[in-house]
Structures are given as structure tokens and as C-alpha cells.
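Biologist: I would like to learn how to read a protein model feature by feature. Please give the general idea each time, and then the case at hand.

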Amino acid sequence: MKQKWLTKGTIAVLLMAFLTGCSEQASPSNSAAISSSSTTPSQEISSAESIAPDVNSESETVTPEFKAKKRLSQMTLEQKVGQLFFLCYRKDADGNNLLKLDEASQKQIQHIQPGGIILFEENISTVEGVRSYIQTAESQETLPPFISIDQEGGFIQRIKNTDSIPATNVPPMMEVGNTGDTALARKIGNVLGSELSVFGFNLDFAPDCDVFSNPHNTVIGNRSFSSDPNVVASMSIAVSNGLRDTGMIPVIKHFPGHGDTDADTHVGYAVSNKTKAELEQTELVPFREQIRSGAEMIMVAHISLPQINGDNTPATLSQSVVTGILRDELGFHGVAVTDAMDMGAITENYTSAQAATMALNAGMDMILMPKNPEEAYQAILKAVQNGTISQERLDTSVLRILTLKYKYDLFDHKKLSDPSVLGCEEHQKIVQQVTGG
């Protein structure tokens with residue numbers, strides 16, 4: 001299946017331009033401004049709808065949400081359910097690294113039509129290899145997917161400096177936080193985003209907003225900016241803005257805070273016995289400030305909060321945490337994505353079907369890496385068909401997802417940044433300001 005969002009509406013736009021005598025200059029591929037009202041010939045909805053919506057005021061702008069509602073009204077139930085999923089393809093059936101998508105992976109993408117694809121080290125070889133992988137994934141989709149990766153800096157850098165990829169080695173965020181320089185932190189975000197743009201990524205699962213308040217924590221460590229929640233807030237906001245400057249969507253994580261747990265949710269339950277009042281004093285501070293500053297996507301962790309839930313239900317599956325705290329109390333109305341659903345905290349206690357439906361009922365929008373994607377997809381599909389999950393609930397999440405995609409112009413074809421950006425002198429100087437090297 002080809003990228004349909006790149007090809008329709010061209011004739012209508014050209015005709016309109018001819019009749020009105022107006023023309024629109026194309027935006028640069030690496031524009032720092034994220035336009036909320038731009039339209040292009042490549043969008044699938046007609047140009048007449050896009051440029052002249054059914055409103056009386058000529059000054060009314062066509063917002064990303066307006067475009068998203070139009071798109072949503074044209075989608076099938078199956079397409080809507082597909083948008084809820086973030087899938088990954090790390091190895092083939094024989095256990096070999098997938099440096100390019102095999103036939104089985106492509107067929108699953110064609111069938112589910114996931115809203116996002118995430119890459120890992122197993123998919124990284126050369127610049128052209130990663131570009132080809134991404135282009136192949138996109139070509140299987142009717143709607144443009146989020147193309148993502150974990151590129152935080154420190155030991156969470158899926159794209160590392162190698163002989164084939166001269167990427168900048170970004171230091172851990174703890175070192176960035178220690179500088180106390182938010183302007184420098186923003187530059188670090190710019191380094192991450194501009195180098196990811198070389199490959200075709202449009203979303204980075206970064207920055208980490210966890211407060212490193214437990215020295216026994218085995219998961220976060222120097223991924224955190226600081227043990228001071230206010231430093232974490234200011235620094236993470238700066239890095240987020242640096243990513244946005246390059247057109248990259250930042251994803252703040254791991255709500256409601258993974259910095260004070262002893263256990264690892266990759267293995268099983270990780271419990272925080274903090275009360276709501278204690279969370280508000282530390283863990284929730286960076287997330288609250290990020291939401292106030294315009295956070296568009298938040299990753300929710302699988303940590304258990306018995307003082308909130310009364311049991312060990314992971315936060316990702318908890319309506320009290322996702323809807324009660326994140327949505328209602330903190331006022332977050334963007335896209336909420338789960339942490340990887342193939343982690344032990346989920347797989348040791350729930351089936352893929354159970355976890356997917358529970359996550360959506362809790363208030364989540366996107367389901368990252370279910371252990372059995374087909375089972376999870378079918379579970380949501382059937383739940384909507386039999387009324388267990390309402391059509392309105394599904395549409396709410398899909399509208400959020402599409403609105404974010406329109407905000408960042410994912411329906412437009414963007415020229416890839418030149419590979420010379422990777423490890424360039426400017427980026428090395430920015431890193432040296434952090435490390436003192």
C-alpha cells in the first residue's frame with residue numbers, strides 16, 4: 001500500500017490557486033516553527049475543505065483539530081482501532097535482527113495499520129538502512145504513522161556513534177541537569193532532534209521526567225535530570241522545546257514517576273507506596289509543569305500505586321491514575337501512551353487482550369508494543385463492536401492522535417536532513433559545554 005496521504009488533492013489545490021491567483025510558499029523541511037494551520041496539496045481531505053471550511057468568518061483558521069475531525073469522519077472502525085497501536089519489529093522468526101522489514105512484518109503493518117512504529121538497536125545499521133526501514137514501514141500505511149525511537153542521551157541511545165553512523169554521543173541527562181543551564185538543555189534537545197531528522201523519525205520517547213529520589217532505583221539513575229523536582233521540570237521542558245524546534249515530537253515519561261521504585265517493571269510489579277500527597281510534592285511536579293508548558297504526549301509507566309488503587313494494578317491500567325490524576329486533576333488532554341506492554345509487569349499478570357482493553361478503559365490513547373499485537377487489536381475491535389468500549393471513547397483517543405499528527409505536519413512529505421548533521425562540529429561543541437571536555 002502506498003502513502004496515500006502524499007498523493008491526493010493536488011489537482012484541487014492547483015485549480016484553486018489558478019482561480020484565486022494566490023500561491024503558498026512551501027515551508028523549509030527543518031522549520032523550527034510547528035504550524036497549526038498550514039495546508040498542503042498532499043493532504044487526503046480536499047483542498048476546498050482544508051482551506052475554506054464551512055464557517056462564516058473568513059478569519060477562521062483551519063486548526064489541526066479541525067483537520068483531524070474531518071479525517072476521523074472518513075475512517076473505518078478498523079482504521080480507528082489501528083491508530084491506537086505502537087508496534088515494533090526487532091527480530092525475525094529465526095531470531096535475527098531485522099535491519100529491514102521482512103514480509104511477515106509488512107503484512108502485519110498492512111493489516112493493523114498502526115498509529116506508530118518504534119525502532120530499536122536491532123533495526124539500526126547504516127543511515128541508508130534505517131531510512132529504508134522507515135520508508136518501507138510508511139509505504140504499508142494509509143495514514144502517516146508516528147516513527148519513533150528512545151533517544152534520551154546517556155545509555156539510552158538506540159542510535160549510537162559507530163563507523164557507519166557518526167552520531168553525536170549525548171551525555172546522560174543528569175550531567176545536563178547539573179549544569180543548571182536551561183538554554184544549554186534546549187540545545188541538547190536540538191541536537192537529539194536534528195540528528196533523528198536525518199533518518200526520518202518524527203517522535204522521540206524523551207525526555208525523562210522522573211525525579212531520582214531513590215538511590216536504590218535500578219531503572220532511572222542518571223537518566224533523570226536531578227533529585228530536585230523543580231530542576232527536573234525546568235530542564236525537561238527545555239529539552240522538550242529543543243526537540244520541538246526541530247519538528248520532533250517529545251514524549252515525557254514515566255508518569256506518575258518511576259524515580260522512587262526499587263524494582264524494575266521490565267521484570268514484574270514495581271511498587272511505590274507513596275500517598276497522593278507525597279506524589280504531589282515530588283514525582284508529579286515535573287509532569288504538572290510540563291503539562292502547563294504544553295506537553296502533547298505523555299508515557300505512563302507500569303508502576304503500582306497501592307495507596308491510590310488499593311492494589312497492585314499498574315498505573316497504565318488504572319482509571320484512578322490515568323483519568324483521575326493525569327486527565328482530571330492535572331488537566332492533560334493530549335495523547336497518553338503506555339510504556340511497553342511486553343514488559344513483565346503486564347505479561348506476567350495479563351493477556352494482551354486484557355491489558356489493551358483495560359488500558360483504553362483507564363483513559364490511555366495508545367498501546368505500545370503489546371506482546372501479541374493481533375490479539376490486542378482484535379480485543380479492542382470486538383469490544384467496540386459489542387459496546388463494551390463505546391464508539392465515543394474510541395473516537396476521543398483517535399482524535400487526539402490525529403490532531404497531534406496534523407499539528408506536526410505528518411501528513412506532509414518532509415525532506416530528510418543531510419547526514420552531515422550527524423556528529424557535526426556544532427553538536428560536538430554543545431556536548432562539550434555539558435561535559436566540560
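Biologist: Which elements are included in what covers the buried residues of α11?

Modeller: Keep in mind that this is a predicted model. The cover over the buried residues of α11 includes α9 (229-245), β8 (252-255), α10 (276-281), β9 (297-300) and α13 (319-329). The buried residues themselves are Leu284, Val285, Pro286, Phe287, Gln290 and Ile291, within a helix that spans residues 284-292. Just after α11, Gly294 has a positive phi of about 105 degrees.

Biologist: How many helices and strands does the protein have, and what share of its residues counts as buried?

Modeller: There are 18 helices and 11 strands. Of the 437 residues, 55% count as buried. Contacts can also be sorted by separation in sequence. Among those between residues at least 6 apart, 80% join residues at least 24 apart.

Biologist: How should I read a nonpolar core?

Modeller: In soluble globular proteins, nonpolar side chains tend to be buried together. In this model the largest nonpolar core has 116 residues, and Phe146, Phe199, Phe201 and Phe255 touch the most other members. Helix α17 (residues 391-407) gives the most to this core, with seven residues.

Biologist: Which residues does Phe255 touch, not counting those up to four places away in sequence?

Modeller: Phe255 touches Leu284, Phe287, Ile298, Met299, Val300, Ala301, Val321, Ile325, Leu326 and Leu330. Two of these names, Leu284 and Phe287, are also among the buried residues of α11.

Biologist: What do I look for in aromatic rings?

Modeller: A pair of aromatic rings is described by the distance of the centres and the angle of the planes. With ring centres within 6.5 Å as the rule, the count comes to six aromatic pairs. Tyr406 and Phe411 form a stacked pair, at 4.0 Å centre to centre and 5 degrees between the planes. Both Tyr406 and Phe411 are buried. Elsewhere, Phe86, Phe146 and Phe205 form one aromatic cluster; Phe146 was also named among the core residues that touch the most other members.

Biologist: What about backbone geometry?

Modeller: Most residues other than glycine have a negative phi, and most peptide bonds are trans. A cis peptide bond joins Lys253 and His254, with omega at about 0 degrees, and His254 is in strand β8. The bond from Phe255 to Pro256 is also cis, with omega near 0 degrees. Pro256 is placed in the loop between β8 and α10.

Biologist: Where is Gln113 found, and is Gln113 buried or exposed?

Modeller: Gln113 is in the loop between α5 and β2 (116-118). Its phi is near 55 degrees, a positive value in a residue other than glycine. Gln113 counts as buried because its relative accessibility is 10%, and the cut-off is under 20%. Asp409 is another case, with a positive phi of about 55 degrees although it is not a glycine. Asp409 lies in the loop between α17 and α18 (425-435) and is buried, with a relative accessible area of 15%.

Biologist: At what angle do α5 and α16 pack?

Modeller: Helix α5 (residues 103-112) and helix α16 (residues 373-385) pack at about 10 degrees, with their axes 11 Å apart. That angle makes α5 roughly parallel to α16, because angles under 35 degrees count as such. On the α5 side the contact is made by Gln108, His111 and Ile112, and on the α16 side by Pro373, Glu374, Tyr377 and Gln378. The residues of this contact divide into three nonpolar, three polar and one charged.

Biologist: Which residues is Leu192 in contact with, leaving aside its neighbours within four places in sequence?

Modeller: Those residues are Gln151, Glu152, Val170, Asp204 and Leu243. Leu192 is also in helix α8 and is buried, with a relative accessible area of 3%. Leu192 and Leu243 are 51 residues apart in sequence and 6.8 Å apart in space, C-alpha to C-alpha.

Technical notes:
Residues numbered from 1 in each chain as written. Predicted model: local features only at pLDDT ≥ 70, side-chain atom pairs only at ≥ 80, totals over all residues. Heavy atoms only, no water. Axes fitted to C-alpha atoms, helices over the stretch in contact; angles between N-to-C directions. Helix = DSSP H or I, 4+ residues; strand = E, 2+ residues; numbered from the N terminus. Parallel < 35°, antiparallel > 145°, perpendicular 65-115°, else oblique. Contact = heavy atoms within 4.5 Å. Nonpolar A, V, L, I, M, F, W, Y, C, P; charged D, E, K, R; others polar. Core = buried A, V, L, I, M, F, W, Y, C linked by side-chain atoms within 4.5 Å. Buried < 20%, exposed > 50% of the residue type's maximum accessible area, 1.4 Å probe, protein only. Phe/Tyr/Trp six-rings, centres within 6.5 Å; stacked < 30°, edge-to-face > 60°.
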